Amino acid sequence: RRTDRDALARTLAAAGVPTRTARFAPAGLVVDGPAARVRQTAAFRDGACSFQGEVSQLVVALLDPQPGDRVLDLCAAPGGKATAIAEQVGATGHVVASYLRLTGARRIRAAAARLGVAVDPVVLDAATTASPLAPVFDRVLAGNSVGTLAILLLAVVGFLTGRPEWLDIAITYGLLNLISTLAILKFIRHGDLAHGDGEEGP
């Protein structure tokens with residue numbers, strides 16, 4: 001970590017880029033005005049900050065990578081989450097970031113180099129290709145593109161038809177996706193959906 005949130009806020013303010021503290025992300029800042037101005041600052045060029053939506057920052061917080069972890073990030077380009085994970089696992093960890101195309105892998109490599117973290121970018125279609133990587137990872141990060149598109153479609157239909165209740169349907173669908181994913185992961189890990197967090201398990 002090359003800086004902290006408060007120091008970065010002061011640096012950006014001095015460069016004419018006012019910010020405010022993100023509402024939920026513990027290390028996030030929200031840029032007031034056009035965010036593209038950040039790219040023109042020395043802080044960005046020197047790797048003290050990067051662009052990332054607050055939701056993406058919260059995804060990394062929920063993943064909770066630990067020092068020394070081996071992490072696989074699927075569909076990683078442009079590399080915001082992968083580089084944030086690399087910062088947390090440190091020099092003893094290993095982050096593999098995959099993307100479908102070589103252009104994406106190059107963007108990930110460039111982002112990691114600018115930020116001064118170690119990320120191993122690979123070109124890989126996880127849906128159809130057997131992974132040539134190490135068989136064991138401590139954590140795996142993947143995106144549900146079908147669910148995301150469905151939520152966006154519901155929201156757009158609600159907006160275009162003037163029916164705000166469709167937004168409620170979209171939110172409910174998203175929550176059901178999240179709950180079902182957590183339930184499946186819990187069953188895979190413990191073999192029992194009733195397993196308590198405080199109980200010892202396999």
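The following conversation goes through a predicted model of one protein, from its overall layout to single residues.

Biologist: To start, how many helices and strands does the protein have?

Modeller: The secondary structure comes to 7 helices and 6 strands. Please keep in mind that this is a predicted model.

Biologist: In what order do the elements run from the N terminus?

Modeller: From the N terminus on, the order is α-β-β-α-α-β-α-β-α-β-β-α-α.

Biologist: And what share of the residues counts as buried?

Modeller: The protein has 202 residues, and 26% of them count as buried. As for contacts between residues at least 6 apart in sequence, 51% join residues at least 24 apart.

Biologist: Let us turn to pockets. How much space lies in the second largest pocket?

Modeller: The second largest pocket holds about 880 Å³ of space. Its lining is made up of 33 residues.

Biologist: Which of those lie nearest the centre?

Modeller: Ala-27, Cys-49, Ser-50, Gln-52 and Gln-57 lie nearest the centre of the second largest pocket.

Biologist: What is the lining like by class?

Modeller: The lining of the second largest pocket has 16 nonpolar, 11 polar and 6 charged residues.

Biologist: Is Ser-50 buried, partly exposed or exposed?

Modeller: Ser-50 counts as partly exposed because its relative accessible area is 39%, which lies between the limits of 20% and 50%.

Biologist: Phe-44 has a ring. How many aromatic pairs are there?

Modeller: The count comes to 1 aromatic pair. Phe-44 and Phe-51 form this pair, with 5.7 Å centre to centre and 50° between the planes, and the pair is tilted.

Biologist: How accessible are the two partners, Phe-44 and Phe-51?

Modeller: Phe-44 counts as buried because its relative accessibility is 10%, and the limit for buried is under 20%. Phe-51 is partly exposed, with a relative accessible area of 32%.

Biologist: Which charged end sits over the ring of Phe-44?

Modeller: The charged end of Arg-114 does, at 3.8 Å from the centre of the ring. Another arrangement of this kind involves Arg-70, whose charged end sits over the ring of Phe-137, 5.3 Å from its centre.

Biologist: New topic: which strand does Ser-98 lie in?

Modeller: Ser-98 belongs to strand 4, which covers residues 94-99. Ser-98 counts as buried because its relative accessibility is 1%.

Biologist: And what is Ser-98 in contact with?

Modeller: Setting aside neighbours within four places in sequence, Ser-98 is in contact with Asp-73, Leu-74, Cys-75, Ala-76, Val-122 and Leu-124.

Biologist: What about Ile-151; which helix is that in?

Modeller: Ile-151 is part of helix 6 (residues 145-161). At 28% relative accessibility, Ile-151 counts as partly exposed.

Biologist: Which residues does Ile-151 touch?

Modeller: Not counting residues up to four places away in sequence, Ile-151 touches Ala-170, Tyr-173 and Gly-174. Ile-151 and Ile-171 are 20 residues apart in sequence, and their C-alpha atoms are 7.4 Å apart in space.

Biologist: One last item. What is phi of Asp-64?

Modeller: Phi of Asp-64 is near 55°, which is a positive value in a residue other than glycine. Asp-64 lies in the loop between helix 3 and strand 3 (70-73).

Biologist: Is Asp-64 buried or partly exposed?

Modeller: Asp-64 is partly exposed, as its relative accessible area is 38%.

Key. Residues are numbered from 1 along each chain as its sequence is written. This is a predicted model: local features need pLDDT of at least 70, side-chain atom pairs count only at pLDDT 80 or more; totals for chains, interfaces and linings use all residues. Side-chain values use heavy atoms; hydrogens and water are left out. On a 1 Å grid over the protein atoms alone, a cavity is a set of points where a 1.4 Å probe fits but cannot get out, and a pocket is an open set with protein on both sides within 12 Å along at least five of seven lines; lining residues have an atom within 4 Å of a point. Grid points are joined across faces, edges and corners, and a volume is the space filled by probe spheres set on the points. Ala, Val, Leu, Ile, Met, Phe, Trp, Tyr, Cys and Pro count as nonpolar, Asp, Glu, Lys and Arg as charged, and the others, Gly among them, as polar. Rings of Phe, Tyr and Trp (its six-membered ring) pair if their centres lie within 6.5 Å; planes under 30 degrees apart count as stacked, over 60 as edge-to-face and the rest as tilted. Buried means under 20% relative accessible area, exposed over 50%, partly exposed in between (1.4 Å probe, protein chains only). A charge sits over a ring if NZ of Lys or CZ of Arg is within 6 Å of the ring centre and within 35 degrees of the ring normal. Helices (H or I, at least four residues) and strands (E, at least two) are DSSP runs, numbered from the N terminus. Contact means heavy atoms within 4.5 Å.
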